[in-house]
Amino acid sequence: MTSTARLPDSQGRDETPEERADRRWTDLLQELRVAQTGVQILFGFLLAVVFQPRFGELSDTDRTIYVVTVMLGSATAAALIGPVSYHRLLTGRRLKPQTVAWASRMTVLGLVLLFCTMCSTLLLILRVALHNSVALWLVGAMALWFLICWFVFPAWALARSSSVRGK
């Protein structure tokens, strides 16, 4: 039996748990569309690299970075496509709120894996392009920027909104 009681959420929306789950699922799908497109393009690029003539000239270290990057890209694609499978397999079983919660967790995992994939891809490309230690510093700077944009800014906004609500 599902609840039809209309309860306000933290933003003051008056909706049933099912309506809230539907809204949250729609929001999540929009976010996933953006992330999935980027991951698919990046993963396609990574898969094509091994077939390039210069691939044979890579050092053992660069080949290892490549393999790690491809595995991270695979894991990222799985995590970001996983919510679609999860939803499809559970549709019609009255588990929408739980589905949304798990899909959201998979999406966050996918973003963490995407962070690792992006850093690893940058490291490989910059090592090949620069042939020196500057590549590592540039990747470190970009990793910091990704962390700030993807995790620090949202955490900061959440902390600010919590402190404003507490006043």
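Reader: R54 and E57, buried or exposed?

Author: Both R54 and E57 are exposed, where exposed means over 50% relative accessible area, buried under 20%, and partly exposed in between (1.4 Å probe, protein chains only). This is a predicted model: local features need pLDDT of at least 70, side-chain atom pairs count only at pLDDT 80 or more, and totals for chains, interfaces and linings use all residues. Residues are numbered from 1 along each chain as its sequence is written, and side-chain values use heavy atoms, with hydrogens and water left out.

Reader: What do R54 and E57 form?

Author: A salt bridge, with the closest N and O atoms of R54 and E57 3.7 Å apart. The term requires a side-chain nitrogen of Lys or Arg within 4 Å of a carboxyl oxygen of Asp or Glu.

Reader: How many salt bridges does the structure hold?

Author: Six.

Reader: Which parts of the chain does the D62 and R127 pair link?

Author: D62 and R127 meet in a salt bridge at 2.4 Å, N to O. The pair links distant parts of the chain, with D62 in helix α2 (residues 60-90) and R127 in helix α3 (residues 96-130), 65 residues apart. Helices are DSSP runs of H or I, at least four residues, numbered from the N terminus. D62 is buried at 8% relative accessibility, while R127 is partly exposed at 29%.

Reader: Which residues do shared partners join into one network?

Author: E15, R20, R23 and D27. Within it, the side chains of D27 and R23 meet at 4.0 Å, N to O. D27 and R23 are four residues apart in helix α1 (residues 17-49), so about one helical turn separates them.

Conventions: Helix = DSSP H or I, 4+ residues; strand = E, 2+ residues; numbered from the N terminus.
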